[in-house]
Amino acid sequence: ASDVYKRQALSDIGVDVITTANNHCMDTGLDGLDYTIEAINKAGIENVGTQKNSTDKNYLIKDINGIKVGILAYAEQLNGFEYLLDSADKLAKVNMIDSVLIRRDISNAIKDGAEFIIIYPHWGVEYQSYPEEYQIELAHDMIDWGADMVIGNHPHVIQPREEYEAKDGRKGIIYYSLGNLVSNQNHNNFDGDYRVEHGLLVDTIIYKGAKDTKAKILNTTYHTTWVGTIFDDYGLLNRAYVIDEYLYGQKDDITEDDRYLMGIAESMNYDTMHTIVR
């Protein structure tokens, strides 16, 4: 019942797609991978990044207000369970970060009609505030190959945002890591490291004119989130707050300590987002 509730809760708040390529996707083997896909799909949500059948396409194209958006997701590593993918069919069930595969998938998605492409790589070094050189190079390559946005995760902390101009003149946006959205990590159990409480929500408006063959980013922004701990009738609860709504908006159902911690999150995120990549 709890599992069904969680799935339906995501659907009820408007989640349409979940990326399932990450370092934990093989923690319970191929059965767990398949069950996860089934559970997500039963809630009316689509997934991308892992496939129940090796013959399924490993990218998703969604028609969003008349624009065909291609969504791709890849995992850098599988917590040591890579050995379970010991055949071509099994390997095809998980999208691993591989430049040849990613370039091919972008090309195929465009051939299938994708007019805007978002890639979600699960990559990088945990608790590191700046991306590795190989991530920067691969992110640039993905934009050059036809992607429009690259949105990374895994480090549990926010990393910088970059605007990158592709070789063909297109403007691409890269978020190297969005940090934590909902997590039980906080500065009290992480030796005073406030970064693990912070996350980002990315808000992007894309536009396609009548004569355009590809959609373009009309505007993109982000909202800093902060994870706070509250107690209800069931015990401890980790809750995500959109900071704008509390520091600059009308919501005020927080303590002064919470407001102080939100201010830290906003300040630290400002510094991170204004870090120049390279």
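Hi everyone, let's start with a sheet of three: 3 strands form an open sheet in the order S9-S10-S11, with antiparallel pairing. A strand here is a DSSP run of E of at least two residues, a helix is a run of H or I of at least four, and both are numbered from the N terminus. Two strands count as a pair if DSSP finds at least two bridges between them.

Strand S9 (198–207) and strand S11 (235–242) are at the edges with a single partner strand each, so one side of each has no neighbour in the sheet. From one strand to the next, the twist averages 25 degrees; axes are lines fitted to C-alpha atoms, for helices over the stretch in contact, and angles between N-to-C directions run from 0 to 180 degrees.

A quick word on the source: this is a predicted model, where local features need pLDDT of at least 70, side-chain atom pairs count only at pLDDT 80 or more, and totals for chains, interfaces and linings use all residues. Residues are numbered from 1 along each chain as its sequence is written, and side-chain values use heavy atoms, leaving out hydrogens and water.

Back to S9: 10 bridges join S9 to antiparallel strand S10 (residues 216–232), and aspartate 203 sits opposite threonine 221 in S10. What lies across S9, S10 and S11? Helix H7 (residues 256–273) does, running at about 150 degrees to S10.

Now the other sheet. Here 6 strands form an open sheet in the order S3-S4-S5-S6-S8-S7, and the pairing is mixed. The twist averages 20 degrees from one strand to the next. S3 and strand S4 (residues 67–75) run antiparallel, joined by 5 bridges, and isoleucine 64 faces isoleucine 67 in S4.

Methods. Contact means heavy atoms within 4.5 Å.
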